[in-house]
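User: I would like to learn how to read a model like this one, feature by feature. Can we go through it together?

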Amino acid sequence: MKKNVNFKILVIFTVSLFFVLIYFFINMFEFFEISTVEAVYSENSTSKITKNLNPLNIDEILKENSISNIREEMSCEEIDLEYTTQYINNDKLPSGTIHVTQIGIDGKQNVITIKRYNNDDLISEKIVSSNITKASINKVVEIGTGRGKNNYELKSGDIVYSTPESLPVRENVDINSEKLFTITKGTSVKVLDVYDNGWCNILYEFRSGYVLSEGLSNINPLQIENLELSEVEHSKEELLSKLNKDMDVGIPSGLSLEQFRTILQYNTKDVNGIFMENCDYFYYAEQEYGINGVFLASIAIHESGWGTSSIALNKNNLFGYMAYDGSAYSSSASFSSYSEGIDLLARVLIKYYLNPSGTEIYGGNIAEGKYYNGTTVKAVNKYYATDSNWGNSVYNIMKSLYENL
């Protein structure tokens, strides 16, 4: 009998202890709860009261930490404000001629950016705020649409002409170096030397200095009547021999203006005629910035579905530029014309993706190399697109375009 009584006491004690422990853990959980706190002040009192807004969700935290190494960082930095380019047709200039009538200069802006990393790999970047500290100066370009063709390349010893209304001649090969003097539109100068960084040394009336090569032409802009020039054209076989997955897309393709028109005009997939009407601008981008224009066109075709995407149709944006996963349409950039977007993306690729930091590039600029990973299509894929098959898709489009030659 005594044994049964002891057993009952033991059971009662155990059950009581169980409930006490439950009560203890519930109260301890509430005591250590992590939350966002909001301050609340009474109208007639200075005492501060806090209330719980976002109680800790243990399940969510455990889930997040167990399946992901993703982290976010917020940064504030000064970056370039890219200039835009306006193209103007000139039917008095031979086809393929490019006359820069106003040099483009990047501005500066302070931006706040949220970057997402998977371990140490940058997977996305979004600008959430910006403030312009120095305005950019837009570039203005006249393009020839007249008779004849022109594929002139600047070289030492040539007599050439200034195409902008005002072209500064500087002391050094630097856009910020001291201005020695200025030459006006149509001024003839002798080329002393040509550099790979977009500059050249010129002689004018016993004075020498450095100017941006894009401001010079073999055609006097004040005397452009009845000009007919010839253009060198590489054969289809020669161009195809350079096509492979390891080719450097940060250098020109070598296609002529007519060849760009051949591969991009009258394609049945171009249902809106966007590429047919804008094919020349891929050629001009190649000539001005040294990028492979076929690669540039292939990105535009892939990203826009041959110009059928809503971003392409409503925003003149063939590249999905500035579009972020989850808010692609609303975050994507708008352009006033397709040519403006083509020109800008060519510069973005050369400046940020296709050259390591410090490389001298077009127009006296220096590459930032922020997303540099190499100069092949596959290398650009790493930071340009989250889709790991993006590079293969773009290369296959390039291949099909080359085969249309």
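User: Leaving aside its neighbours within four places in sequence, which residues is Tyr384 in contact with?

Analyst: This is a predicted model, so local features are read where pLDDT is at least 70. Leaving out residues within four places in sequence, Tyr384 is in contact with Ile299, Glu303, Phe319, Leu345, Leu349, Tyr353 and Trp390. Tyr384 is also among the residues with the most contacts inside the largest nonpolar core, together with Leu264, Phe282, Phe295, Phe319 and Leu349.

User: How many residues does the largest nonpolar core have, and which helix gives the largest share of this core?

Analyst: The general idea is that in soluble globular proteins nonpolar side chains tend to be buried together. Here the largest nonpolar core has 79 residues. Helix H9 (residues 338-353) supplies the largest share of this core, ten residues.

User: Which residues of helix H10 are buried, and what do they pack against?

Analyst: For a helix, list the buried residues, then look for the elements they face. In H10 (residues 377-384) the buried residues are Val377, Ala379, Val380, Asn381 and Tyr384. They pack against H6, H9 and helix H11 (390-402).

User: What is the overall make-up of the protein in helices and strands?

Analyst: The secondary structure comes to eleven helices and 15 strands. Of the 405 residues, 42% are buried. For contacts between residues at least 6 apart in sequence, 63% join residues at least 24 apart.

User: How many aromatic pairs does the structure hold, and why is the pair of Phe275 and Trp306 classed as it is?

Analyst: The structure holds 15 aromatic pairs. To class one, take the distance between ring centres and the angle between ring planes. The centres of the Phe275 and Trp306 rings are 5.3 Å apart and the planes lie at 70°, so this pair is edge-to-face. Phe275 is in helix H5 and Trp306 is in the loop between helix H6 (293-304) and helix H7 (310-315), so the pair ties together parts 31 residues apart in sequence. Both residues are buried. Ring pairs also join Tyr87, Phe260, Tyr281, Tyr283 and Tyr284 into a cluster.

User: What is the phi of Trp306, and what is that of Phe206?

Analyst: When reading a backbone angle, note the residue type and its setting as well. Trp306 is a residue other than glycine with a positive phi, near 55°. Its relative accessibility is 11%, so Trp306 counts as buried. Phe206, also not a glycine, has a positive phi of about 70°. Phe206 sits in the loop between strand E13 (199-204) and strand E14 (207-212). With 86% relative accessibility, Phe206 counts as exposed.

User: Where does Asn292 lie, and is Asn292 buried or exposed?

Analyst: Asn292 lies in the loop between H5 and H6. Its relative accessible area is 1%, so Asn292 is buried. Not counting residues up to four places away in sequence, Asn292 touches Met247, Val249, Ile251, Pro252, Ser253, Glu286, Met398 and Tyr402.

User: What does Ser156 touch, not counting residues up to four places away in sequence?

Analyst: Ser156 touches Val191, Leu192, Asp193 and Val194 on that count. Ser156 belongs to the loop between strand E8 (139-149) and strand E9 (159-162). At 42% relative accessibility, Ser156 counts as partly exposed.

User: Which residues lie nearest the centre of the second largest pocket, and which element gives the most to its lining?

Analyst: For a pocket, read the volume, then the lining, then where the lining comes from. The second largest pocket has a volume of about 1400 Å³. Its lining has 46 residues, with Glu286, Gln287, Glu288, Tyr289 and Gly290 nearest the centre. Strand E5 (98-102), strand E15 (216-217) and helix H5 (274-289) each supply at least two lining residues. H5 gives the most, five residues. By class, the lining has 19 nonpolar, 19 polar and eight charged residues.

Methods: Residues are numbered from 1 along each chain as its sequence is written. This is a predicted model: local features need pLDDT of at least 70, side-chain atom pairs count only at pLDDT 80 or more; totals for chains, interfaces and linings use all residues. Side-chain values use heavy atoms; hydrogens and water are left out. On a 1 Å grid over the protein atoms alone, a cavity is a set of points where a 1.4 Å probe fits but cannot get out, and a pocket is an open set with protein on both sides within 12 Å along at least five of seven lines; lining residues have an atom within 4 Å of a point. Grid points are joined across faces, edges and corners, and a volume is the space filled by probe spheres set on the points. Helices (H or I, at least four residues) and strands (E, at least two) are DSSP runs, numbered from the N terminus. Ala, Val, Leu, Ile, Met, Phe, Trp, Tyr, Cys and Pro count as nonpolar, Asp, Glu, Lys and Arg as charged, and the others, Gly among them, as polar. A nonpolar core is a set of buried Ala, Val, Leu, Ile, Met, Phe, Trp, Tyr and Cys residues joined through side-chain atoms within 4.5 Å. Buried means under 20% relative accessible area, exposed over 50%, partly exposed in between (1.4 Å probe, protein chains only). Contact means heavy atoms within 4.5 Å. Rings of Phe, Tyr and Trp (its six-membered ring) pair if their centres lie within 6.5 Å; planes under 30 degrees apart count as stacked, over 60 as edge-to-face and the rest as tilted.
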